[in-house]
Amino acid sequence: AQKITQTQPGMFVQEKEAVTLDCTYDTSDQSYGLFWYKQPSSGEMIFLIYQGSYDEQNATEGRYSLNFQKARKSANLVISASQLGDSAMYFCAMREGAGANNLFFGTGTRLTVIP
Amino acid sequence: DGGITQSPKYLFRKEGQNVTLSCEQNLNHDAMYWYRQDPGQGLRLIYYSQIVNDFQKGDIAEGYSVSREKKESFPLTVTSAQKNPTAFYLCASSIVRGDTQYFGPGTRLTVL
């Protein structure tokens, strides 16, 4: 089974609107971490936001927030007030275990912001 | 400026040749990682190192080798044994293992 599933290959959003990118995960560990990265066309993976499995509050970083629903095993990324520069690939990733080295990545969602 | 550098950005090699990809960080991070990304895919872990002079295989280590002689440097060698080496290679580092990983700009390797 896939550890991280991103079911939206591509998404479009109007500039200044909010958009939600879906991510579901599969793990039997109690301790894990969930990450979102942005990959612009240049290729670099840019860290956006992190949610720990024991964090009770949803993580927020500026215009990014993570909608963490533990029972449903989902960790959706919400981008508010979309900007043209938000157009990129977005990857959800999971670290299983507190000190694990490996990140399991989804296949990504390509977000296009329309002026 | 602190960060991770990878060189070169684009690399071409002939089939049967070994090639070494550079990764340097000045973030004083203990842990470093190498990932491979194929078109339309997420990243897969090749090798990681938690500390100098120590490294471990990831999910797809066959045909690759690494060294970690200095804290700042974690070069990856793609050997002729790697059957399908054309890919985008990303290096990352974290303060310690399990912490947030920060990535370099990547090297795109093409085997001709």
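Modeller: A nonpolar core is a set of buried Ala, Val, Leu, Ile, Met, Phe, Trp, Tyr and Cys residues joined through side-chain atoms within 4.5 Å. Please bear in mind that the model is predicted.

Under that criterion, the largest nonpolar core comprises 24 residues. The residues with the most contacts inside this core are A:Y25, A:W36, A:I49, A:L77 and A:Y90. Seven strands are to be named here, as β3, β5 (32-39), β6 (46-52), β8 (64-69), β9 (74-79), β10 and β12 (109-114) of chain A are the elements that give two or more residues to the core. The most comes from β10(A), which supplies four residues. Apart from this core lies another, of 20 residues, and B:I4, B:A61, B:F74 and B:C91 are among its members.

The cysteine links may now be considered. Over all chains, the count of disulfides is two. In chain A, the sulfur atoms of A:C23 and A:C92 lie 2.0 Å apart and form a disulfide. A cut-off of 2.5 Å between cysteine sulfur atoms applies here. The link of A:C23 and A:C92 is left-handed, with -65 degrees about the S-S bond. A:C23 sits in the loop between β3 (19-21) and β4 (24-25) of chain A, while A:C92 belongs to strand β10 (residues 88-96), so the pair ties together parts that are 69 residues apart in sequence. Both A:C23 and A:C92 are buried.

In chain B, the disulfide is formed by B:C23 and B:C91, with their sulfur atoms 1.8 Å apart. This link is left-handed, at -70 degrees about the S-S bond. It connects distant parts of the chain: B:C23 is in strand β3 (residues 19-25) of chain B and B:C91 in strand β9 (residues 87-94) of chain B, 68 residues apart. Buried means under 20% relative accessible area. B:C23 has a relative accessible area of 1% and is therefore buried.

B:L112 is located in the segment after β11 (107-111) of chain B. Exposed means over 50% relative accessible area, and B:L112 counts as exposed because its relative accessibility is 63%.

Definitions and conventions:
Residues are numbered from 1 along each chain as its sequence is written. Chains are lettered from A and ligands numbered from 1 in the order in which they are written. This is a predicted model: local features need pLDDT of at least 70, side-chain atom pairs count only at pLDDT 80 or more; totals for chains, interfaces and linings use all residues. Side-chain values use heavy atoms; hydrogens and water are left out. Buried means under 20% relative accessible area, exposed over 50%, partly exposed in between (1.4 Å probe, protein chains only).
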